[in-house]
Amino acid sequence: MQKYLNAGRSLSVSGMPSNLLPHTWAQAHVTYYEMVDSQENQCIIVSGESGAGKTEATKIVLNYLGVVSSLNGSKLEQEAARGVGEKLVACSPILECFGNAKTVKNDNSSRFGKFMKVKFNAKHVVVGAENIKYLLEKSRVVSAAQGERVFHSFYLLARAQGSMARVLGLEHEKQYTSLSSGGTMNNSEYNSEKDFNDVCRAMSIVGMTDVELISVWRVTAAVMTLLNVRFLPEEDGCSIDPKTMKYTKKAVQLLDVCEDDLVHELLTSTRALPDNEFALKKNDVVAAVDIRDAMCKHLYDGVFGWIVDRCNDLCNVENDGNWIGLLDIFGFENFNKNSFEQLCINMTNEQLQYHYNLHIFKRDMDECRMEGVDVTDIKFTDNTGCLKLLTAQGGIFPLLDECCWFGGGTDLGFLEKVVHTHESNSFFKKERVSGETFCVRHYAADVTYNVFGWVEKNRDTLKDSIKSIVRASGDRVIASCLPAPIPLSERKKGGKAFTVGGFFCNQLRALMDLIGETNPHWIRCIKPHPDKKPRMFYGREVMGQLESSGVLATVKLRKAGYPVRIPRALFCRNYRMCTSVVTKDEKEFIQHVLQMAQIRMPSLAQIGKTKVFLKAEAFKLLEKLRDRYLLCTSLIIQRIARGYLTRRGVYDIFLLFHKVEIARKNLEKASKDMHLQEADLRHSYELEEDTSWKLIKELEAERRVYQETMETAERERRRKAIEDERRRVEEARRLEELRRRAAICIQRHVRGELVRIRLYRQLLEERRASLEYERELACGAERREARALDTQRITDEKSWTQWLSSMDYLRGMKRQEEQRLLEKILQKTRIQIRELVRKEDRMRLNIEVEQTDAFFELFSQHQYISSHYMKVAAERRRRMEKLQLKTPVVLRPQSAGMKARAERSAAADARINKAITDFALSRARSYEEKRESQSPGVAPDRFSSNASKESSIFSHVQKNWLRQQEWMRIGDVGQASENYSRLSVAPTAEDTQYSGPYRTIEASLHSFSPSNNGNSHSTLPSMSGFDRRSKMDPSRSSYETEVRMNKKKIRVDWDSVFGSEQ
């Protein structure tokens, strides 16, 4: 860098010194000094495709401007400029963290445009800068394409587990779905907690407080937390998934807003009706997700705008001096799937290419026409038609705005309008089977766009209620992220609604107007290869970038036109030596020079009004002619110069000899004068020497006397010293001998002691070694035992774990089996209870039928016997009457024999009935005993209740039989109803409840009759009434006889009744 700084104003892009190479520093150097010299604003446009290094080139330019502007300032100004430069450089990592992301082509791709005004004071020293952002790619907040990532800030915050993530209470990065939406989470830049700390340090350098820093990261955390919220469909709307409700609460906590209001706005929408009325509608899952995503996009865009404004507040100053603009904007993009954002980016590059064409090509052509040069044969690529296709009336962006302004606009409807309007446009192409896509022929390449979601992206609407909720936050930074809602009245007066495309077009138009007011400079960044590796070069891709950036077109235009343009005066001055023609007419002189160079006009050169336009071949011919004449002229000049130099050399030698002779004469004269002076000095010196010699002799005598005295004293002193030294040596020798003897004694004792100590230590070492060996053996054994114990413990733990697992499994299986057995037992119990109830009903029916049959049979027998007795008595009476009529003798019947026979028959019937009753009671008692001995798995209460019921039935049956026996013993069946008072067992209400419908013969016959529709529990009629009905209705008597014959076949099988329950 220092070489470029030392070049000063002499450095220019067209005249680069041989020791310097074309570099970004050179462009920054030239731009700065052009601003200084012309006092005009400058602009550097950094362009190139994604990943070519535009952002890094902008940093290099910014750093160089800070250094070059402080070269001539004072120390204070240099310190101030250095501080401003540090702030400006510190802004870059902050904006890259929040505005850059990993794409397929670039690990640190800028997903927004940036125009920086670097401001200078009157002394042309950097004093501040202002940033303007363009079109942040908000869709990347929610998700990223395959192989890409969302913005860097989300990953840095999620990985700052040691600092900010712990303070905000964030989970692990894998829990956030938006971070892994692109299928990759790692990157070569902005990927670790160290990068997070660097960004926080840069935010501190630019002047952000700790509170503001935490607020910025809170918004970032709230966005990626809110994106984890999912919705479940319902019949009339949707609801938040309970599993993700914790993320809603966390986002509300981070944003410091009302949870109920936010949930209500996510799940419902308000629709405006006529007369300023509103209707509430529940959202489905798609609408709720759209509201959530729109809120996240606007929050992130708002906090990014706040960061840019904050950097401007800290780095910008109000200044009337000049400024240099640095435009670092997204490069031309052509992916497998291109959407609305790619169209905006490519339209920006189209506009910049148009500006480049206007400044380089069109102005070049205009200059040629103004000079009177024919340029009809020169052609260049003009992208004005493509810009009209995109932005003119009826273009793609206006048609998209129309679809957004009308409520029924759809993506396919927009595509249909575009195809219908621009089907014949040469810059537009639509395949018949392309579906939702269309193609635009840009200056760089043909790009196919997919219109899915364009209408919604262009609207980019957010509910006013959500804006109000966020602006009510307790955090000042968060509250300022979203703008205040526009009142409905003002919104109606405002006309057409806001759209992203319209806003971006206006912003881009203002940018181009701003650039048009400056002197532009260009830096074309070329990406050498797509593999992101050093020391590689891919020629085909480089050629494509050179062609798409307009560099090759510029070269071709220069080659096809007249790239060399020399002012006439300069041309005449440079090529004056090529001709001897003397004329005041510049055109004639120029034509003569061109003819001498054999340059054809106008194919190779044309003469303008103020300049001479030459092609490269013509310029080479002129340079060859000029070089030839320069060679001839230089030879003449060299001949004259060499003669002059030779003559000058001879003259210099003559002058040298003359000067030497003069110097010799002067030297001889000076030597004579010097000898005379020397003789006078020698004489004076001899006189002084004699006087001095006498004085020296006197001093020498005195010195000898003094020296002898001193020598005598010295000898005496030496003798005394020698004697003292001898005595001292003798004493020392004696002491040394004593010391030697003492030392020998001490050494003898010490050596003995040392030998003993050495032997003792050796013994100790041997003992210690043996002990250590034993200890090592013991330790080894202990370690082996410990390892064995550990192995056994591990085995036991594994066994115990397996046993516990098996026990848990068996316990679970046992519980399941017990549950299944219990269900089976309960089911079996229910089945048995139902069966028992059925058997009880069948048994009761059989008992009642048997009872009725027994009653019917007994009463039939009793009727038969009674009728027989009555017939016999009647016959006896008739015979007795006849005998009485024939003879007067009175014959008395043997009533004793008849009575005895009747008593014997009644006794036999009683014995039979008693035997039947005893048998039934014995079976009932055995049934009770068997029931008590049954298993406890059967419900005892049910059986006990059934058994008691059966016993009560049997007791009533016995009572009924006893009652019938009592009736038979009375002998008068017809009077049974009158003799209840004489019965031993009187009928009660329970008899009617438990006896069944067949209490009498009449009731039995009445119940068996098909014409019976009355109550079966009728009262007992008299036998006389029965006899009367029998005599009065012979068909009924025959029917009853038939029923009695059939009923005789039905008997109660007591063994089957009581044995089936065993």
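These legends describe close-up views of a predicted model. Residues are numbered from 1 along each chain as its sequence is written, and side-chain values use heavy atoms, without hydrogens or water. Local features need pLDDT of at least 70, side-chain atom pairs count only at pLDDT 80 or more, and totals for chains, interfaces and linings use all residues.

View 1. Helices (H or I, at least four residues) and strands (E, at least two) are DSSP runs, numbered from the N terminus. Buried means under 20% relative accessible area, exposed over 50%, and partly exposed in between (1.4 Å probe, protein chains only). A salt bridge is a side-chain nitrogen of Lys or Arg within 4 Å of a carboxyl oxygen of Asp or Glu. A polar atom of the Asp411 side chain lies 2.7 Å from the backbone nitrogen of Gly453. Beyond its neighbours within four places in sequence, Asp411 is in contact (heavy atoms within 4.5 Å) with Val451, Phe452, Gly453, Trp454 and Val455.

**View 2. The buried side of helix H14 (residues 384–391)**. Cys386, Leu387, Leu389 and Leu390 are buried. They share one side of H14 because they cover an arc of only 155° around the axis. The arc is that of the directions from the helix axis to the C-beta atoms.

**View 3. Strand S10 (residues 323–328), covered on both faces**. Six of its six residues are buried. Trp323, Gly325 and Leu327 lie on one side; Ile324, Leu326 and Asp328 lie on the other. Strand S1 (residues 42–47) runs parallel to S10, joined by five bridges. Two strands pair if DSSP finds at least two bridges between them. Cys43 has Gly325 as its bridge partner in S10. Strand S4 (residues 113–120) runs antiparallel to S10, with six bridges. There, Lys114 is partnered with Asp328.

View 4. Arg727 is partly exposed, at 44% relative accessible area; Asp724 is partly exposed, at 43%. Glu730 bridges to Arg733, with the closest N and O atoms 2.1 Å apart. For Arg820 and Glu817, the closest N and O atoms are 1.9 Å apart.

Definitions and conventions
Polar contact = N/O pair within 3.5 Å; in protein donor to acceptor, adjacent residues only side chain to side chain.
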